[in-house]
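Hi everyone, thanks for coming.

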Amino acid sequence: MRCFIGIDLGSTTTKAVVMDENLQVMGRGITNSRSNYDTAAAVSKQEALIDTRLTLFRRALSNVSEVSGQVDGILSDLERNFRHVQFLEQLDDLEQTCVANIKGPRFAGREKAVIEALEGTFSRLRDSSAKQYAPGVKRKSDFFRDLAGAEFMSHGEAVCKEAGLGFDLILNVYDKSIIEVENRPPAGDMEGKFVRALEKGTMTGSSILKPVQEALAIPLEETYVVGTGYGRVRLPFPKEHIRSEILCHGLGAHMMYPDTRTVLDIGGQDTKGIQVDPVGIVENFQMNDRCAAGCGRYLGYIADEMNMGLHELGPLAMNSTKQVRINSTCTVFAGAELRDRLALGEKREDILAGLHRAIILRAMSILSRAGGVKDQFTFTGGVAKNEAAVRELRKLIKENYGDVTINIDPDSIYTGALGGATFAVRAVVN
Amino acid sequence: MSKPEAVKEPSMEMQKAMIARNYDAITSKHETGRKVSSTFVPGNLNELLMCFDIVNNLPEINAIQAGMRKASGGYIMEAEKSGHSEDVCTYVKADIGQMSKGNIAPNGKPYPNPDVLMLSYTGCYTFMKWFELLREEYKCPTLMLHVPYEGDGHSTKNMRDYIVKQLKEVVIPGLEQVSGVKFDIDRLRQYLRNSAKAEDNLVWCLEQGKKKPSPIDAYFGGVYYIGPIFTAFRGTEDAVTYYEMLRKEVQNRVDAKQGPLTPEGTYFNDQKYRLIVEGPPNWTNFREFWKMFYDEGAVVVASSYTKVGGLYDQGFRHDPDNPLESLADYCLGCYTNLNLPTRVDLLAKYVEEYEADGLLINSIKSCNSFSAGQLMIMKEVERRTGRPGAFIETDLVDPRYFSAANVKNRLESYFQMIEQKRRGGGSKTVAA
């Protein structure tokens, strides 16, 4: 199968979308950009290809009458097992890297004991990993660092205690090694991992196994890759494979909602107001200047200041009964303004509601500079997932531009990568 | 590794030598006994100053020089320490900051105090405040030539008479007093004759931007082309020679069907996008900024900044037969003195006449005079021409305001947008 891939190297996350030549989205993948765009591009691409396999499996199974109604369950089982295989593979890599990093005066004379403690810890990690990937268990994160890290802490501490060894010794080795492992492009044997996942699972019936194996045998041929996002210049692609994210977001939004005329993208570092024509071509755009005030990262700072998770801000702001006016969208001043309001006795939820409004007011200014909001209007980027921001946006759009249709896709984070993949198809097919 | 030197054409070398000579003339004031005036670029009275043997020093140009030598950042910080706000014109702050850092000219010698401040301001009211600050510092006389703003989009006989009256009653007597030289109108006529000759050749060069490939870059290259005529050399024999030389260079490129030279020394022939640019350039990252254009195949075929000191391409010439009247017309017709509808007319005309792909605006963060109304200009030019506009934001000489990634992102988006429209056929940009 010819695969057309769009990779959006954002400042916070890197996204990839795989399309077939009929412009059908086959798979999506995401990873944290972790300041290493090469790896982030490789990981997100592989994740999208894994997702593509799952789409192919779904297609194959949809023709098997014996499993009608059970396809979702079968596929989630397969994915779960696949992720487990993948996790174990990375765990092996992490263990080897840890062992290789035991050197220097810190470990002098204690190497053997540290290696033994590590072996014990990793052995327990491998055993307990099955629990993380058991049916029905919701994993806390999609990222290896988070999943392996939490378990390493609890097992490592217990193992060291039993061995009478300082936990900081293996923790130090872990800290050093996890970055190396995380920044290593993943091993490419995706098919092999699926085979192992199939073996682990319960899909022994030939009516299921055969179509899945056939789908697995379809080669995924990387026909054309288009890179976008701030990290795009880091990609080892020729120039014609690079598109600016403004065009990609415009086209991506058009692919999701063909009647879209105005697109607002609030990303980590920048906010863009884009006007597109009926065929998805960008007609005009405005974006914030070098100052990232009012962009997604602003919420990140606020979350840190409040000692909360980013995803908790929106729901808390939704509880607000009174809006506090926040004057500054400056990311650097955000903490000061927040503490100032708290000191004045304002409630956290009311302050947060004000902060969300401040972000959207700034976005409204960028939109108006780009030529206003036209029906239909599509909101993309990470902040589109935040219900409090969406609430303010809806309110302000209605006040300023009347009843325009507002589209927010659950997969809006992939809009730029989707546009990139569409460009990739067009580059070859048209 | 040191940065490669910019490739210079013979005309650039000549200009460099002319500028160096002028700095030497300014800084050797005490040895030569010549008087020095400080004045501004748009609407300057260089020929008149020459009639009194006065050397022309231009604080704006000094700020640009500091910007290109990466010294302006420190000067601006120095000015901010003395209380000038972050948003104030960075030409002003570079100049003020330079004063408090010893006021050293590019030739390494200190600037002498000016003997007179020749304030002929066109459009920019910051100029007035700038010279108030300088007057406070130097305690020297200020001769103010008030140039009425062309609010209705054209000048009137009254406006011209008003300027001529000021020249006769205030400026000329004032310059006689400062210099001790008696005004000789025939001397002025001769200088104006030289100016007109140079202006003819400049206009010829700028209009070659209509050719494909364009043999000039009318923005980045353009700032070199306008150097002598907008500063201390208009009216001189040197300027006449310079523009003859420039014309020959451009003619050679036209004959060879070649584009302009890039600073890397290659002919820029592969021109994919033709742009009209509005607004001053960024000086602190000038070469980096320029590279973002030619790397993408974008050549500027006409710009408004090359008209900041006079719209010669619209027919104006200094006139030896009507010397004072033509100085008045010159001041009135500078780009900065035009109202917004007139600027829109001019830019839309350029887009059509130079067959450009669209209008790009470089909005200057610290220049209210240039930046106010620019988005309106862009949208109006888009509406009239049907060709897309784009907007970037940088600064004159404040390095803190130049964000390469941001500018590059917008430029690349714009060029790709033009490309996409060509391929996709696209719908008309903005409904009329």
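Let's begin with one pair of residues: the side chains of A:R369 and B:E393 meet in a salt bridge, with 3.5 Å from N to O. Please keep in mind that this is a predicted model, so treat every distance I quote as computed from it. In general, side chains of opposite charge can pair when their charged atoms come close.

How many salt bridges cross the interface of chain B and chain A? The rule finds three. It also finds 13 residue pairs in polar contact across that interface, counting pairs where both residues have a pLDDT of 80 or more.

Which parts of chain B touch chain A? Helix α17 (374-385), strand β8 (389-394) and helix α18 (404-424) of chain B each supply at least two residues to that side. The largest share comes from α18(B), with 14 residues. If you sort the chain B side by class, you get ten nonpolar, eleven polar and 13 charged residues.

Now for the interface as a whole. Chain B brings 34 residues to the contact, and chain A brings 27 residues. The size of an interface is often given as the accessible area lost when the parts come together. Here, the area buried between chain B and chain A is about 2400 Å², and carbon and sulfur atoms give 45% of that.

One I'd like to show you is between the side chains of A:R357 and A:E392, at 3.2 Å from N to O. A:R357 sits in helix α12 (residues 348-369) and A:E392 in helix α13 (residues 387-401) of chain A, so this pair ties together parts that are 35 residues apart in sequence.

Last, a word on confidence. Chain A averages a pLDDT of 88, and 97% of its residues score at least 70. Among the elements of chain A, helix α6 (residues 190-200) has the lowest mean pLDDT, 79, while strand β9 (residues 406-407) has the highest, 97.

Conventions. Residues are numbered from 1 along each chain as its sequence is written. Chains are lettered from A and ligands numbered from 1 in the order in which they are written. Side-chain values use heavy atoms; hydrogens and water are left out. Contact means heavy atoms within 4.5 Å. Buried area is the accessible area (1.4 Å probe) that two parts lose on being put together, summed over both. A salt bridge is a side-chain nitrogen of Lys or Arg within 4 Å of a carboxyl oxygen of Asp or Glu. A polar contact is a pair of N or O atoms within 3.5 Å; within protein, one must be able to donate a hydrogen and the other to accept it, and residues adjacent in sequence count only if both atoms are side-chain atoms. Helices (H or I, at least four residues) and strands (E, at least two) are DSSP runs, numbered from the N terminus. Ala, Val, Leu, Ile, Met, Phe, Trp, Tyr, Cys and Pro count as nonpolar, Asp, Glu, Lys and Arg as charged, and the others, Gly among them, as polar. pLDDT is the predictor's confidence in each residue, from 0 to 100.
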